[in-house]
Amino acid sequence: MAKETTPEELVNVDYEAPKKDWTETPVEFREGMYCYGSRPVYLQEVGFPNPREWSPADEDWKLPENWKEIVLTAMEERLSKYRSFRVFMDICVRCGACADKCHFYIGSGDPKNMPVLRAELIRSIYRKYFTIGGKLLGKRAGARELTEDVIKEWWYYFYQCTECRRCSVFCPYGIDQAEITMIGREILNLLGLQTDWIGGPVANCYKKGNHLGLEPHAITSNIEYLLDDIEEITGITIEPSFNRKGAEILFVTPSGDLFGDPGTYTAMGYLMLLHELGLDYTWSTYASEGGNFGFFTSMEMAKRLNYKIYAEAKRLGVKWILGGECGHMWRVLNQYMDTWNGPADFMEEPVSPITGTKFENAKSTKMVHICEFTADLIKHNKLKFDPSRNDHLNVTFHDSCNTARGMGIFDEPRFIIKNVCNNFFEMSSDATREKTFCCGSGSGLNAGENIELRMRGGMPRGHAVKRVQEKYGVNMLANICAIDRAVLPPLMDYWAPGVDVCGTHELLANALVMKGEIKRTQDLRLEDLPGVEDDDDDDDNNEEGGE
Amino acid sequence: MGIFFSFSVVVALTVIAFAGVWIPGMQYFFGVVIPYLAVLVFLVGVVLKVAKWGRSPVPFRIPTTCGQQQSLPWIKHSKYDNPQTTGQVIIRMVLEVFLFRSLFRNLRTEMNDGRVTYGSDKILWLAGLLFHISFFIVLIRHLRFFIEPVPSFINMIDALDGFVQVGVPHLLLTGVLLVAAGGYLLFRRINNSQVRHISLPADYFPLLLIIGIALSGIIMRYFVKVDIVSVKAFTLGLVSLRPRTPAGIGAIFYIHLFLISALLVYFPFSKLMHMGGVFLSPTRNLANNNREVRHVNPWNYDVKVHSYAAYEDEFREKMKEAGIPVEKE
Amino acid sequence: MKIYSLLAEKKPDVLKKWFALILETYPKETSSFLKSQNSQTRNPVTQAIYEGIEGIFNGLVHEDDEDKLNIYLDNVIRVRAIQDFSPSEAVSFIFSLKEVIRKELDKEICDPKMFKELLGLETRIDSLANSAFEIYMKCREKIYEIKANEMRNWTYRALHKTGFYKEVRTEE
């Protein structure tokens, strides 16, 4: 800090933009802001190029000898294959409307985190090698040479973008930084520049069917473990089926929900709901991943991982597919799956067997979001609730970026929550729905080593929650995304301590009155329900129960 | 800095036109050759560029959804922010192109009474909209120089534009608005440190050029008056492809004409192509109906996958042990 | 005390100068973005800081108790704790308040009585710095705790995958 300068001098500072042009400020890798480089074994497993040991902190990234040629060829190919890429390279007028819409820019102030500048990182190369103006006028036309430093800069900043599309909402031409980031990462992948946190789940998912690498018996035993808890809470024994041929519905959800808390409570919610309905459905251990980390590497890899869902639906002969709560999973299912691996003409147009509702909006893809399915059930009075079991919760809802801006599922989860909870409060309208703020950890950035980046990126979300916490006493942040369930708890711990995180179907299952259930004294987390006397149990527990 | 470079170029262009017309014989060059060339470059350039965009495929349907999707019949669908049909997409595009819908959403983070709020920031939207609409009306008004007799709707627009009835000739509002809005956009580019940091010469140049064109037009209309009759004779000659060397029109007219020519030539190679590009933006011009109507990727290709058979081969024993059905015992 | 009422009068000036000094602690590239022409509030980072220092200043002048002051301190420090500052840089903004006040009350503190009052105020600012450092440490500890928790969860998952965790559970 400049102690020797007087305040007056500092106040009189002229608010000049940095004297240096942004192209001349080389990237500085700061600890806590980037993910580790991928282990070679992960890349080998799926056949990605240039597997080797490397670290982003190294001076030498061990790029292939002809890396420049690879990059330029890849750019050329993508310019001719994606109208989005070509148009987005050409038409930005740099109006700056996107600048302060990015959560990473808001949290860091680093100018290269402005979506427009993140795009210029690649646009400047486009101008240099693919436009007449750039070739002739060079720097005056905003063009620059492709060097290894540029590649490092791409890597640093394309992995500081969560592909949340918030900038695209405000852009007058709909320029979508997510699209540019995706193509940028795809090109980086051709040089073997993958992060370990994305590479691992991709390799796992390819061979074992899910990101966590759970083998078939581990999936069933995990679910059994959840079933034990459900039995303890409700007294009801549930026996779901796996890989069962002839089931009417295949259920696919992110594997994260089978493992980490609080995702597991959401998975318990699914199990309880689907059991209560007596739905003829099956889980699959082969298509045991709804999410798609391949989507954060390349379109091709995403397609390779996504293949399993339709393949398994076909093998098992189901009529349609029901999908669990997840963010990027639903962007992929909504905007890509049918195009990649369809047509799904071996299935039938989805119809709810309980209400008879036809899901017309899913008649080609044959995949229904569980919130659409459940909202329809509630509307038709097919479920019985005791919302007072959630009375100790003041709930707010976080729209996940992908389901918000790549699908538009806003009112279905809200409808469910309002039916199962008595205390629901919205955050500011500028931090919800299509203007929702990212958790800061999406698109494969939910690693452990970049925690500071994540806390920064999640600051706008954290502040928005803190405000409703102060105003309404909100203590529960509901969402419909497995990554949210994994990353929002630490985010809340930092920015709004005291706010817990849950999936929408956890709230539902807590309130759900099931046929033949015992009196509920615990919620799905095995915590005592406040105000409920535990009269089945011995007297020695009464003191805790009567809080 | 980009702005000085761009400013010098615009000044240079002005000087060239001003000096050029004094040279004997150059009037034909500046009055006829250059405008024809410019129009040619503009038309060919724009067509080629749009064709290039149009030819590039749209592999995926990726609209940015800014409202509630169409799902269950009783949930209110946000038709124009999350269109499901082509008709809805057209309305979304109309709102986008004519009213700058997305820019209208612009927010600014503010603090009121110690509370953090996100206030709306409509100035950019307003200035942008005024700039474009004024430009458009000014263009329409100029049709009077190219059509004889002047169609009544142009006279009507003129009358509306000059409704304040100030000065002789009547002050036309759009010309002033064009300069004012353009001036604000330029001011914002210089004044707002974020925008200044991202600005390139290619951002200042067209803005300065358009302001230059508007100013030269205003000067011509209100101050250094030129002979309108010979201007019209000259412009009619241009469009009827029987160009006559203009006589007796002041140098200011040549400056105006030359700057317009420069804009036309520059147009297809620059960000000004956003005019065409906005129509082709896949995040705006597609319906969010992927689950209802399959979108086909023209270059879709087969990829290497990990089949169920290979999966079962690897885990068969473990699956059997866990009671999971298998294909081959 | 007189110094407090004097400062209350000069609040806008003091805050403006203090705020400017804090923004100067950011790298040149970032700080010019955080500052904007007439409003200190364009960016949530600056909002949090401005809101925080205003609260701190009010608390000092109105002689609020420590708990109330700590809430405002927390606002500022929580942001700075994740922003590439060294520990001393992250909390040093407290000391720059002294500098601002001394300049602002340049003439008044020639009066020995006033000078004495200033010393009292500075002692309070010093103890504020102590609290600031404690809050900073809590924030950093929280970050490491989050990191450690994530590592633990992953170890737990790895154990679970191998079936080890299940055995432990059945014994329970």
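**Notebook: helix pair, domains and chain contact**

I started in chain B, where helix 7 passes helix 9 in a left-handed crossing (the near helix is turned anticlockwise from the far one by less than a right angle; helices are DSSP runs of H or I, at least four residues, numbered from the N terminus). I noted that this is a predicted model, where local features need pLDDT of at least 70, side-chain atom pairs count only at pLDDT 80 or more, and totals for chains, interfaces and linings use all residues. Residues are numbered from 1 along each chain as its sequence is written, with chains lettered from A and ligands numbered from 1 in the order in which they are written.

Next I looked up the packing: helix 7 (residues 173-191) of chain B and helix 9 (residues 201-223) of chain B have axes 9 Å apart, at an angle of about 155 degrees (axes are lines fitted to C-alpha atoms over the stretch in contact, and angles run from 0 to 180 degrees between N-to-C directions). Helix 7 of chain B and helix 9 of chain B are therefore roughly antiparallel (angles over 145 degrees).

Then I turned to the domains of chain A, which an automatic or database assignment gives as domain 1 (22-194), domain 2 (199-379) and domain 3 (387-511). I found 31 residues of domain 2 of chain A in contact with 30 residues of domain 3 of chain A (C-beta atoms, placed from the backbone, within 7 Å). On the domain 2 side, helix 13 of chain A gives the largest share, 8 residues.

Last, I checked the chains: 90 residues of chain A are in contact with 77 residues of chain B. Helix 14 (residues 299-316) of chain A gives the largest share of the chain A side, 7 residues.

Key:
Two residues are in contact if their C-beta atoms, placed from the backbone, lie within 7 Å. Helices (H or I, at least four residues) and strands (E, at least two) are DSSP runs, numbered from the N terminus. Angles under 35 degrees count as roughly parallel, over 145 as roughly antiparallel, 65 to 115 as roughly perpendicular and the rest as oblique.
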